[in-house]
Amino acid sequence: MPLKESPSQTAGPYVHIGCTPQIAGLEQRGIGDQLGTAMVSEGHGSLTLRITVLDGAGEPVKDALIEIWQADPNGSYTPSDRFQNWGRQASDLSTGVAQFETHKPGRNGMQAPHVLVWIAARGINLGLTTRIYFPDEDNTSDPVLARAGERADTLVARQTAGGYKHTIRLQGENETVFFDV
């Protein structure tokens with residue numbers, strides 16, 4: 001008698017409440033600022049990076065938890081008193097947009113300036129990892145972007161007034177390139 005597959009374990013619909021309680025209107029007591037909300041210190045310049053995650057039907061995933069890691073403007077991954085190289089935001093419950101105030105990362109060796117993105121949400125068994133590159137940089141020598149081949153455009157943000165916007169598609173036409181990590 002063949003065994004039936006058991007249900008998958010996913011992040012569930014409330015992952016953002018535990019990791020970003022401010023999005024649910026909850027206070028985080030005794031810890032101070034919410035983890036991952038402040039990447040740049042006030043007065044030290046920044047850009048806005050808006051990330052939207054779309055499901056297979058093209059609808060925004062309004063309960064996604066998005067974390068980003070990046071180098072500072074000099075290409076260093078060492079945090080400082082003016083820059084934290086890690087950020088965490090929940091997507092907005094009405095629009096599905098997660099917004100980060102950060103610096104544009106610098107080139108690190110052969111790697112073009114990029115932001116590493118990790119996504120958790122209901123229906124996702126394992127966190128998804130991808131990158132975001134910038135259209136106004138020379139990305140030609142980046143070995144990771146080169147491996148994406150004809151799908152490399154799914155990893156490049158669009159420049160907007162005051163920052164960048166990027167759409168991550170979980171499935172379907174123009175599905176974003178994800179990394180098996």
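Asn174 is in contact (heavy atoms within 4.5 Å) with Thr154 and Arg169, once its neighbours within four places in sequence are left aside. This residue sits in the segment after β8; helices (H or I, at least four residues) and strands (E, at least two) are DSSP runs here, numbered from the N terminus. Asn174 and Thr154 are 20 residues apart in sequence, yet their C-alpha atoms lie 6.6 Å apart in space. Asn174 counts as partly exposed because its relative accessible area is 47%, on a scale where buried means under 20%, exposed over 50% and partly exposed in between, with a 1.4 Å probe and protein chains only. Its backbone deserves a look too: phi of Asn174 is near 60°, a positive value in a residue other than glycine. Most residues other than glycine have a negative phi.

A word on the model itself. It is predicted, so local features need pLDDT of at least 70 and side-chain atom pairs count only at pLDDT 80 or more, while totals for chains, interfaces and linings use all residues. Residues are numbered from 1 along each chain as its sequence is written, and side-chain values use heavy atoms, with hydrogens and water left out.

Val177 also belongs to the segment after β8. Is Val177 buried or exposed? Val177 counts as buried because its relative accessibility is 12%. Beyond its neighbours within four places in sequence, Val177 is in contact with Thr129, Thr130, Ala148, Arg151, Thr154 and Leu155. Thr154 turns up again here, with 23 residues of sequence and 6.5 Å of space, C-alpha to C-alpha, between it and Val177.

On a 1 Å grid over the protein atoms alone, a cavity is a set of points where a 1.4 Å probe fits but cannot get out, whereas a pocket is an open set with protein on both sides within 12 Å along at least five of seven lines; lining residues have an atom within 4 Å of a point. Grid points are joined across faces, edges and corners, and a volume is the space filled by probe spheres set on the points. For the classes, Ala, Val, Leu, Ile, Met, Phe, Trp, Tyr, Cys and Pro are nonpolar, Asp, Glu, Lys and Arg are charged, and the others, Gly among them, are polar.

| Space | Volume | Lining by class |
|---|---|---|
| Largest pocket | about 180 Å³ | two nonpolar, five polar and four charged residues |
| Largest cavity | about 30 Å³ | five nonpolar, four polar and one charged residues |

Asn174 is one of the residues lining the largest pocket, and Thr154, Arg169, Asp153 and Lys165 are also among them. Strand β8 (residues 163-169) gives the largest share of that lining, four residues.

Asp142 lies in the loop between β6 and α2 (143-147). Asp142 is buried because its relative accessible area is 0%. Its side chain makes a polar contact of 2.7 Å with that of Tyr133; such a contact is a pair of N or O atoms within 3.5 Å, where within protein one must be able to donate a hydrogen and the other to accept it, and residues adjacent in sequence count only if both atoms are side-chain atoms.

Strand β5 (residues 114-120) is mostly covered, with five of its seven residues buried. Which strands pair with β5? Strand β2 (residues 65-70) runs antiparallel to β5 and is joined to it by six bridges, where pairing requires that DSSP finds at least two bridges between two strands. Strand β6 (residues 128-133) also pairs with β5 in the antiparallel sense, over six bridges. Ile68 stands opposite Val117 in β5, and Val115 has Ile132 in β6 as its bridge partner.

Finally, the overall picture. The chain has two helices and eight strands, following the pattern α-β-β-β-β-β-β-α-β-β along the sequence. Buried residues make up 40% of its 181 residues. Among contacts between residues at least 6 apart in sequence, 64% join residues at least 24 apart.
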